[in-house]
Amino acid sequence: MKNIEKTYEPSNVESRLYKKWCDNGYFHAEVDSKKEPYTIVIPPPNVTGQLHMGHALDETLQDILIRFKRMQGYNALWIPGTDHAGIATQIKVEEALRKEEGLTRYDLGREKFLERVWDWKKQYGDRIITQLKTLGSSCDWDRERFTMDEGCSKAVREVFVNLYDKGLIYRGNRIINWCPKCTTALSDAEVEYTEQDGNFWHIKYPVEGMTGRFITIATTRPETMLGDTAIAVNPEDERYMDIIGKNVIIPLVDRAIPIVGDEHADKDFGTGAVKITPAHDPNDFEVGQRHNLPIIKVMNDDATINKLGGKYEGMDRYEARKAIVADLEAGGYLVKIEPHAHNVGQCYRCGTTVEPLTSDQWFVKMAPLAKEAIRVVKEGEVKFVPDRFSKTYLNWMENVHDWCISRQLWWGHRIPAFYCQDCGCMTVSKTDIDKCPKCGGAVKQENDVLDTWFSSALWPFSTLGWPDKTPELEYFYPTATLVTGYDIIFFWVARMIFSGMEHMKEIPFKHVFIHGLVRDSQGRKMSKSLGNGVDPLEVIKEYGADALRFTLATGNAPGNDMRYYPERVEASRNFANKIWNAARFVLMNIDIEEISLPDAPKMEDKWILSRLNSTVKEVTDNLEKFELGIALQKLYDFVWDEFCDWYIELVKPRLYGTDDVSRKNAEKTLCYVLSNFLKLLHPFMPFVTEEIYCSLPVSDETIVTSSWPTYTDALSFPKEEAEMGAVCEAIKAIRNLRTSMNVPPSRKAAMYIVTKNPSLYEAGSVFFEKLAGAASVEVSDSDAIVPEGCVNAVAPGATIFMPTGELVDTEKERERLTKEKKRLEGEIARVEKMLSNEGFVSRAPQKLIDEEKAKGVKYKEMYEAVLESLAKLN
């Protein structure tokens with residue numbers, strides 16, 4: 001046992017303790033058949049990343065769970081790692097090349113460019129790992145992984161080839177989402193939709209051979225008409241039955257295209273006719289497939305018009321739009337322009353409006369893979385917390401499209417497809433090949449790389465050694481809990497579930513614990529553009545990691561966004577200081593060699609032990625249900641209110657008294673309760689709890705691997721809980737009365753307690769003297785003991801009387817209250833006059849009116865309190 005510093009300075013403690021934890025291997029887990037495993041895989045942050053509040057929340061929640069389970073005796077493994085983040089990383093390196101050397105990746109070539117990316121990864125890739133350690137993350141750093149390390153790369157190739165061999169991966173020319181800025185394909189999950197103001201341009205197409213007959217369509221993208229290959233009408237639409245099979249002439253292009261009957265055209269919407277551009281719209285692509293229409297792609301990869309666009313060639317898509325609309329108007333083809341708000345797809349990475357277009361890409365056939373992924377959630381094998389997100393997941397999976405997995409990048413897992421330069425044969429292989437297995441000719445590997453999420457989807461089992469059958473994979477898989485935000489359910493969660501079921505024939509995790517976003521105090525998403533981001537490392541530097549963790553955990557309700565308020569971090573630091581000061585008091589006032597229960601506990605000892613026991617049960621239950629915020633609030637209330645503000649004050653007379661037995665029992669109780677609530681708090685606030693715990697007379701070398709407290713009937717004292725609770729309520733009532741009468745804390749007064757339970761309050765008389773300003777205490781079941789001229793405080797099961805004259809100078813207090821009554825009457829009259837003035841109410845800002853109304857309410861409440869105090873003096 002040792003004393004601790006006068007004040008708690010996180011900067012002097014945190015790095016030292018974290019080094020101790022790592023040096024001693026407290027976070028490391030090995031296969032152990034005698035223990036039950038509990039595994040979490042970290043959502044791998046981008047190797048480009050810096051710790052932001054979203055990371056801080058995500059890692060804090062995971063660390064709370066893993067520390068909790070480790071202390072419960074599970075073989076707890078938290079696997080860390082980073083994601084290669086294809087687009088994001090390549091953009092970073094390309095920007096650096098351009099700014100620092102005036103070069104592009106094409107100037108270097110693929111091999112040299114990738115060397116630069118690996119150099120960049122070595123230089124900056126460990127930055128976010130270091131930051132995670134600063135937060136206190138108790139990951140098994142011996143098992144750190146990277147999505148492009150040798151083992152993960154092997155797993156990616158294994159999966160690709162297996163799926164290809166089963167016909168579940170194919171290459172085809174299909175409509176995809178294309179980002180013109182990143183110049184790569186995107187999956188559906190990588191497109192974010194925002195509502196934007198736009199227009200419907202109504203354009204009339206002349207029917208070939210029928211002078212004066214037109215079909216009018218409406219489009220939000222008139223530039224795509226350059227690639228139209230049909231007009232579709234509903235086959236049951238009587239307006240067009242006579243011209244189905246005929247042609248229209250595309251205005252400005254002067255090309256004939258057929259009129260086809262297809263149910264895609266809604267006869268009750270607009271004119272009932274729609275232009276079909278299979279190369280630039282997913283619905284049109286499907287119509288084109290049904291009618292065997294040609295596919296005319298009129299845009300380049302940078303969204304400029306290509307050579308098929310005639311005079312508009314080389315124009316940006318929006319520039320071409322303006323020119324085409326102007327030409328349509330000049331030619332008499334533009335019927336009208338109608339304002340129209342619609343959802344526009346944007347690249348999740350750069351925010352550029354996505355262009356749907358046809359392209360040769362690689363796809364995963366999703367329908368067969370989705371079946372098992374849907375079943376395991378419907379049947380509860382995988383549970384979402386909160387459950388409402390299972391509906392979000394199922395809706396996505398039941399309507400999922402084939403997944404476009406190829407990306408036109410250089411950084412990433414290169415697709416293992418090899419094309420023979422002689423016979424044209426394509427070979428998909430788990431290992432690199434240099435000769436065609438069919439003709440022996442030279443081969444060239446596919447240029448495209450895989451979607452970053454392809455490798456992330458394998459994370460729960462690739463990190464444990466798959467495709468090799470390792471002891472770790474057999475023991476630690478399936479993992480227990482996945483902690484992640486609701487924004488990547490489609491990107492990541494869904495793909496891990498179907499990948500686990502396909503390749504492991506087993507779910508990847510049992511629970512998906514969903515959290516929300518961290519928003520600013522106004523509820524806005526934190527972003528660079530708004531300038532409202534908060535750097536967690538700066539917060540940690542000022543307040544300590546425990547204060548930030550406490551703030552993030554208290555604001556957390558599963559699945560809901562939370563708001564970040566700086567003042568809450570300050571309050572969290574104050575809580576850490578409160579614990580520190582309480583522990584320092586205990587350490588300065590105990591002289592014991594080991595932690596044990598008291599031999600002969602008094603009423604107040606049984607009360608705090610029973611309250612601790614109940615708190616252990618409730619907090620454990622809350623944590624098991626992922627109610628982390630509720631658990632922490634209960635801990636806060638117990639520590640601050642019951643232990644610090646009540647129990648320490650209740651036992652001070654015994655600590656300073658002459659009864660050695662009573663003092664020793666108080667010391668034992670203090671130490672037992674302190675050590676156990678430190679354990680309960682440890683998952684939330686690891687640093688301050690470790691520093692204090694290791695100063696106590698404990699046999700553990702660290703709190704990290706100490707045993708989690710458990711509920712026991714032996715420490716349940718409902719009678720003493722109720723009795724001590726009644727005494728505390730009585731003391732609160734007395735304090736409130738004294739405060740309302742402005743009684744100085746130093747002034748003592750006799751107390752007369754009338755109750756049907758005299759023995760209880762007689763036992764608690766010492767507390768009234770110490771904590772409620774009692775000069776003497778007399779208890780009876782009859783009010784005959786009460787002298788005249790008393791004020792009273794009412795508590796559950798008792799009324800406490802105190803002579804008014806002993807509390808205040810009656811005449812001076814009456815004079816003071818009378819003056820205050822007169823002042824408040826004036827203020828109330830002023831406010832009522834102002835609010836009844838129509839000129840003020842009609843012209844004043846609403847904020848000022850609301851302020852005056854609030855003042856009126858406050859003054860009336862104060863006035864009623866003054867009248868009540870005057871009545872007590874009479």
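**Close-up 1. E195 has N343 of β13 as its bridge partner.** This is a predicted model, in which local features need pLDDT of at least 70, side-chain atom pairs count only at pLDDT 80 or more, and totals for chains, interfaces and linings use all residues. Residues are numbered from 1 along each chain as its sequence is written, and side-chain values use heavy atoms, without hydrogens and water. Strand β7 covers residues 191-206 and pairs with β13 in the antiparallel sense over 13 bridges. Two strands pair if DSSP finds at least two bridges between them. Strands (E, at least two residues) and helices (H or I, at least four) are DSSP runs, numbered from the N terminus.

**Close-up 2. Three strands form an open sheet in the order β8-β7-β13.** The pairing is antiparallel. β8 (214-219) and β13 (334-347) are the edge strands. Each has a single partner strand, so one side of each lacks a neighbour in the sheet. Neighbouring strands are turned by 20° against each other on average, direction ignored.

**Close-up 3. Helices α10 (residues 366-378) and α11 (residues 388-398) cross at roughly 160°.** Their axes come within 9 Å. Axes are lines fitted to C-alpha atoms, for helices over the stretch in contact, and angles run from 0 to 180 degrees between N-to-C directions. The crossing makes α10 roughly antiparallel to α11, a term for angles over 145 degrees.

**Close-up 4. Residues of α10 and α11 make the contact.** Contact means heavy atoms within 4.5 Å. From α10 come M366, A370, A373, I374, V377 and K378. From α11 come S390, Y393, L394, M397 and E398.

Conventions. Angles under 35 degrees count as roughly parallel, over 145 as roughly antiparallel, 65 to 115 as roughly perpendicular and the rest as oblique.
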